[in-house]
Amino acid sequence: MDTYYSSETNVQILIALMKAHGVKKIVASPGTTNICLVASLQQDPYFEMYSSVDERSAAYMACGLAAESGEAVALSCTGATASRNYFPGLTEAYYRKLPVLAITATQHTGRIGQNMPQVIDRSIQPKDTVRISVEAPIIHSEEDRWACELHVNQALIELRRDGGGPSHINLATSYSSDFSVKQLPEVKVVRRYTYGDSFPDIGRRKAAVLVGSHRIWDERLTGLVDAFCERYDAYVLCDHTSNYTGKYKIFPNLICYQEQYVSQLRYADLLIDMGNISGAYMNVDAKEVWRVSEDGEVRDGLKKATAVFAMREEDFFAYYNRVSEESAGISRYAAFRQEYDDMLAAVPELPFSNIWIAQHSARLVPDGCAMHFGILNTLRAWDFFTVDAQMAGYANTSGFGIDGNISSLIGASLAHPDKLYFGIFGDLSFFYDLNAMVNRHVGPNVRIMLVNNGKGTEFRNYNHPAARFGQEADLFIAAAGHYGNQSAELVKHYATDLGFVYLSADSKEQYLEKAAVFFDASSGRAPVIFEVFTYSDKESEALRMINNSRHNAVGNLKNAAKSVLGENGVRAVKKMLRR
């Protein structure tokens with residue numbers, strides 16, 4: 001019988017990535033649960049294999065082999081207590097920083113604790129045995145495949161990080177008896193680079209910089225990114241929490257949210273990923289993503305990561321600016337900016353809503369202020385529009401909850417009493433954190449806009465999964481009717497009793513009149529609350545209108561594929577468009 005690779009996809013992914021990362025030395029121990037891996041490895045002449053019946057001895061053999069050869073060494077064992085015997089050797093490897101990869105075979109992890117034989121819990125490892133522990137699950141979907149590739153890459157690159165050390169992969173199996181696969185699959189390989197390494201070349205690829213939530217930039221980093229854009233004909237994709245104030249800022253959502261229009265500018269060959277979690281859902285795509293962060297962690301939000309640069313952002317851009325001193329121009333930025341301006345001019349008259357408020361307030365924001373946005377509806381509304389004023393932008397996108405928005409705003413305002421701090425929040429978020437307003441440290445530099453639509457209007461938007469329930473969504477999903485049910489007096493009395501200046505509006509005309517006061521840069525004597533009453537049907541209609549303000553043949557094709565073929569059809573169209 002001819003034996004090749006196991007049909008188990010996670011085994012194939014592991015082997016392919018071990019080859020890509022240069023892990024060829026194996027110390028294998030006998031067993032059944034690891035047959036799919038061991039039988040696949042032993043028929044491949046790439047691997048240099050050794051046998052050890054005693055797993056404790058195997059781990060120490062790996063330590064000696066890794067120390068003497070300078071290469072990474074993998075271990076393979078079966079289920080049950082076999083893996084427990086790795087701990088002494090892995091402890092040795094941990095403190096000596098030896099690149100030892102422990103691959104423990106496991107049955108489906110759902111069997112843990114169910115009195116099934118040879119099933120133990122490996123979800124937690126002693127802190128000083130391995131630097132990272134990951135799961136390589138049985139593959140049932142593309143999401144499983146992506147997660148498996150990502151986790152295995154993480155474990156393999158950790159073997160050499162900061163001087164090296166041991167890693168752990170818990171490899172699930174279904175005990176397939178099919179070993180007929182002759183060729184390993186193509187896999188995504190993620191590399192980690194740091195100071196002194198040979199960096200990959202950007203070449204003539206269409207590059208862009210993607211910035212999530214980011215600290216305030218200094219002039220040096222801004223200048224380096226601007227120079228990078230000029231050298232590589234790139235641009236910087238931002239939201240209002242990115243805090244980039246350079247020359248090549250693009251807010252992509254107005255273009256990339258379109259349902260009947262597909263812009264080729266949303267695609268890049270290479271995205272340079274900076275910062276942290278963005279709440280903008282930018283809907284951009286790329287062939288490759290390079291992550292730049294001092295922590296050196298692999299973050300793969302777009303599922304296209306191929307490299308992580310463990311270094312300061314300034315050093316990354318300074319290097320690539322040095323290796324390409326000639327300017328490539330700014331034609332792609334100019335095209336994207338022109339398309340944005342054209343689309344902005346084509347936005348129809350919107351209903352009175354959070355989006356309309358953002359559209360007509362962006363020009364009123366004063367220089368030098370800070371803006372805090374509520375997640376989802378408010379942040380999305382403002383991310384459709386650029387703000388020309390120099391401002392700092394924040395949102396609690398890391399925990400991504402509606403709690404704590406006012407508290408974050410007030411805490412920030414204490415740092416600079418002479419600086420204006422604006423907060424734009426929906427009613428659920430506002431009332432959730434209402435107690436923060438009674439804090440005796442709240443100063444006159446705080447201005448809060450409450451967009452009160454009487455519910456979690458996000459769940460009533462036309463494109464939300466809850467939209468199918470109509471008004472029934474108000475009962476428990478959108479949580480309508482709480483907090484005074486849009487009372488015109490509740491917040492007014494609360495605010496004035498606390499010494500706040502209270503403003504309100506329930507129409508476009510009233511809003512424009514009061515907004516001029518709310519955004520006035522003149523320092524007031526008291527904090528301000530501006531309550532604006534909107535309605536979920538108008539909020540939904542405004543979102544639908546702005547998402548469908550332009551169309552082209554490609555967008556129509558995408559919609560047709562979605563209606564006929566579902567999401568798989570959309571993915572197929574996307575692949576075709578990028579060819």
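The model is predicted, so local features need pLDDT of at least 70 and side-chain atom pairs count only at pLDDT 80 or more, whereas totals for chains, interfaces and linings use all residues. Residues are numbered from 1 along each chain as its sequence is written, and side-chain values use heavy atoms, with hydrogens and water left out. Helices (H or I, at least four residues) and strands (E, at least two) are DSSP runs numbered from the N terminus, and two strands pair if DSSP finds at least two bridges between them.

- Six strands form an open sheet in the order 15-14-16-17-19-18, and the pairing is parallel.
- Strand 15 (392–395) and strand 18 (501–505) are at the edges with a single partner strand each, so one side of each has no neighbour in the sheet.
- On average, neighbouring strands of this sheet are turned by 15° against each other, direction ignored; the axes behind such angles are lines fitted to C-alpha atoms, for helices over the stretch in contact, and angles run from 0 to 180 degrees between N-to-C directions.
- Strand 14 (residues 370–373) pairs in the parallel sense with strand 16 (residues 421–426) over four bridges, and within strand 16 it is Gly-423 that stands opposite His-372.
- Strand 14 is also joined to strand 15 by four bridges, again running parallel, and Met-371 has Gly-393 in strand 15 as its bridge partner.
- Between strand 14 and strand 15 the chain passes through helix 11 (residues 377–383) in a right-handed β-α-β crossover, a label that applies if, with the strands pointing away from the viewer, the path from the first strand over the helix to the second runs clockwise.
- Helix 16 (residues 508–518) lies across strand 16, strand 17 (446–452), strand 18 and strand 19 (528–533), and runs at about 155° to strand 18; contact here means heavy atoms within 4.5 Å.

- Strand 12 (residues 285–293) and strand 13 (residues 305–310) run parallel and are joined by five bridges, with Arg-291 opposite Val-308 in strand 13.

**Cavities and a pocket**

- On a 1 Å grid over the protein atoms alone, a cavity is a set of points where a 1.4 Å probe fits but cannot get out, while a pocket is an open set with protein on both sides within 12 Å along at least five of seven lines; lining residues have an atom within 4 Å of a point.
- Searching the whole structure gives four cavities of 30 Å³ or more, and the largest cavity holds about 120 Å³ of space, a volume being the space filled by probe spheres set on the points, which are joined across faces, edges and corners.
- The largest cavity has 13 lining residues, of which His-240, Asn-243, Tyr-244, Lys-249 and Met-391 lie nearest its centre.
- The second largest cavity holds about 70 Å³, and its lining includes Ser-83, Arg-84, Tyr-86, Phe-87 and His-168.
- The second largest pocket holds about 380 Å³ of space, and of its 18 lining residues Leu-156, Ile-157, Arg-160, Arg-161 and Arg-192 lie nearest its centre.
- Helix 5 (142–158) and strand 7 (191–193) are the elements that give two or more residues to the lining of this pocket, and strand 7 supplies the largest share, three residues.
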